[in-house]
Amino acid sequence: MSDPPGGPGARWRRPTLWVIVVLVFALGVGFLARPQGQRATSLQRSSLRTTPDGVAAFARGIEHLGRHTRPRNTPLADADPVRGTIVLLRPRLFATPREVHALLDHVRGGGTLLYSPFLAPSAPHPLQTPLVDSLGVYFRERSPLEEFRGDSLPHAAWTDHALTEGLGPPGRVDHGFRVLGVDDDSVAARVEDVQRLLTAKDSDEETWTAAAELVLGEGRVVMLTSAAPLSNERAGDDPLAVLAVRAALAHTAPDDTVFFAEYHQGIRGSLTRAQVVRNFFLDSPGGRALLHFIVLGFLILACVGLRFGAPMPRVAPPDRERRSPLEHVSALGDLYRKAGATQTAALRLLSRLARATRHPPPRDRAEADAMLQRLAASEGRNSPLNKVRQGLRNEPPDLPAIVAGIDEHLARRSSP
């Protein structure tokens with residue numbers, strides 16, 4: 001059976017309800033797919049991330065060993081003055097020339113910068129940024145064959161330095177750098193000294209630096225070619241992470257703070273869950289694809305629920321006038337006759353008699369005969385209902401006789 005109008009089935013067919021269902025489902029998927037725990041939709045060396053790409057473990061290690069750590073969500077210029085030790089790892093937003101000027105002034109005054117340049121995936125070398133240029137650093141370019149085979153620099157080794165004492169064998173080294181004026185005497189040096197911490201040789205036996213302290217004024221820049229060893233995924237096994245922790249502890253006073261430059265990771269502050277879901281739908285490829293499917297679903301639901309006008313015109317066209325009641329009855333009778341449903345027509349005619357005499361409409365010939373017998377018993381042999389009974393018993397039923405008997409009976413009931 002079909003659901004009655006306004007019943008539960010009708011409610012579930014309403015497009016508005018399906019729109020709500022699709023919206024709730026989409027928000028649920030976005031919330032479950034937000035970066036958390038072991039999932040991340042982008043690579044960020046952020047101290048606020050506990051995903052494998054973040055550096056939360058590195059920051060907490062420094063905190064546990066007696067130095068305060070804080071995220072810095074403001075630029076290095078036109079904001080809070082640069083102070084303490086600044087950690088700038090693979091920044092997604094490059095420091096502007098004004099920020100570089102403020103940062104290097106801080107280093108010259110005795111501050112420390114722990115820095116790793118931005119390395120794009122499959123790039124032959126880290127990008128040359130204003131900060132890299134100001135330090136006079138240039139990088140070794142990897143050959144296409146090295147990129148294809150995924151080769152690393154052989155013969156990596158620690159140098160003799162207080163920060164490298166007792167460290168285990170160095171991990172993989174992919175990139176190396178040199179400093180103008182120190183490794184190359186053709187130009188003036190932009191830093192006062194370079195204290196190498198980790199070196200490696202390429203296939204031509206040329207030595208490149210993978211980690212070093214660049215002395216600048218009263219401070220220093222601890223530079224690493226890659227921040228991957230400091231990530232949560234590798235910090236527990238790579239000795240370069242131990243070296244970075246040692247550098248932060250050695251060059252930060254006990255009452256000072258190690259600031260992680262979260263602003264340059266694209267983080268302006270702590271995000272609410274609603275903002276995380278929004279970023280998923282607008283900033284990640286999977287979220288944007290899901291958003292397109294949601295919009296398409298809404299369009300389909302809108303078209304399904306849209307009314308395009310009444311199915312029939314309210315006023316019949318001039319060339320198609322409506323039928324009169326007699327024409328309608330004649331056409332209905334023709335349909336019953338062509339379908340061979342004279343018994344159904346007879347029962348329909350008896351429904352009028354049942355309503356007038358306050359009886360339930362008969363559903364078959366037996367119920368109709370019983371009703372006619374009860375009504376005719378009170379009127380005697382001359383009751384017109386006997387004609388109706390006789391017309392009903394014929395094969396096929398005599399519809400004109402049934403109609404005539406019912407009309408005569410009802411006329412007698414209405415006459416005084």
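User: Is F139 buried or exposed?
Analyst: This is a predicted model. In it, F139 is buried, with a relative accessible area of 8%.

User: How many aromatic pairs does a search of the whole structure find?
Analyst: The search finds 3 aromatic pairs. In one of them, the ring centres of F94 and F118 are 5.9 Å apart and the planes stand at 75°, so this pair is edge-to-face.

User: Where do F94 and F118 lie?
Analyst: F94 belongs to the loop between β2 (85-89) and α4 (97-108), while F118 belongs to the loop between β3 (112-116) and α5 (130-135). The pair therefore ties together parts that are 24 residues apart in sequence.

User: And what does F94 count as, at 37% relative accessibility?
Analyst: F94 counts as partly exposed at that value. F118, at 15% relative accessibility, counts as buried.

User: Back to F139: how far apart are the ring centres of F139 and F177?
Analyst: Their centres are 6.3 Å apart. The planes are at 70°, so the pair of F139 and F177 is edge-to-face. F139 lies in strand β4 (residues 137-139) and F177 in strand β6 (residues 177-179), so the pair ties together parts that are 38 residues apart in sequence.

User: Is F177 buried or exposed?
Analyst: F177 is buried, and its relative accessible area is 0%.

User: What sits over the ring of W208?
Analyst: The charged end of R178 does, at 3.9 Å from the centre of the ring.

User: Changing topic, which residues of α14 are buried?
Analyst: The buried residues of α14 are I402, G405, I406, H409 and L410. They cover an arc of only 125° around the axis, so they are on the same side of α14. The face turned away from that buried side carries the exposed residues P400 and S414.

User: What covers the buried residues of α14?
Analyst: The cover includes α11 (342-356) and α13 (384-393).

User: What should the 16 residues of α14 span?
Analyst: At 1.5 Å a residue, helix α14 (residues 399-414) should span 22 Å. Its end C-alpha atoms are 23 Å apart, which agrees.

User: Where is L375 found?
Analyst: L375 is found in helix α12 (residues 365-377). At 13% relative accessibility, L375 counts as buried.

User: What does L375 touch, not counting residues up to four places away in sequence?
Analyst: L375 touches L353, T357, H359 and L385.

Note on methods. Residues are numbered from 1 along each chain as its sequence is written. This is a predicted model: local features need pLDDT of at least 70, side-chain atom pairs count only at pLDDT 80 or more; totals for chains, interfaces and linings use all residues. Side-chain values use heavy atoms; hydrogens and water are left out. Rings of Phe, Tyr and Trp (its six-membered ring) pair if their centres lie within 6.5 Å; planes under 30 degrees apart count as stacked, over 60 as edge-to-face and the rest as tilted. Helices (H or I, at least four residues) and strands (E, at least two) are DSSP runs, numbered from the N terminus. Buried means under 20% relative accessible area, exposed over 50%, partly exposed in between (1.4 Å probe, protein chains only). A charge sits over a ring if NZ of Lys or CZ of Arg is within 6 Å of the ring centre and within 35 degrees of the ring normal. The expected span of a helix is 1.5 Å times one less than its number of residues. The arc is that of the directions from the helix axis to the C-beta atoms. Contact means heavy atoms within 4.5 Å.
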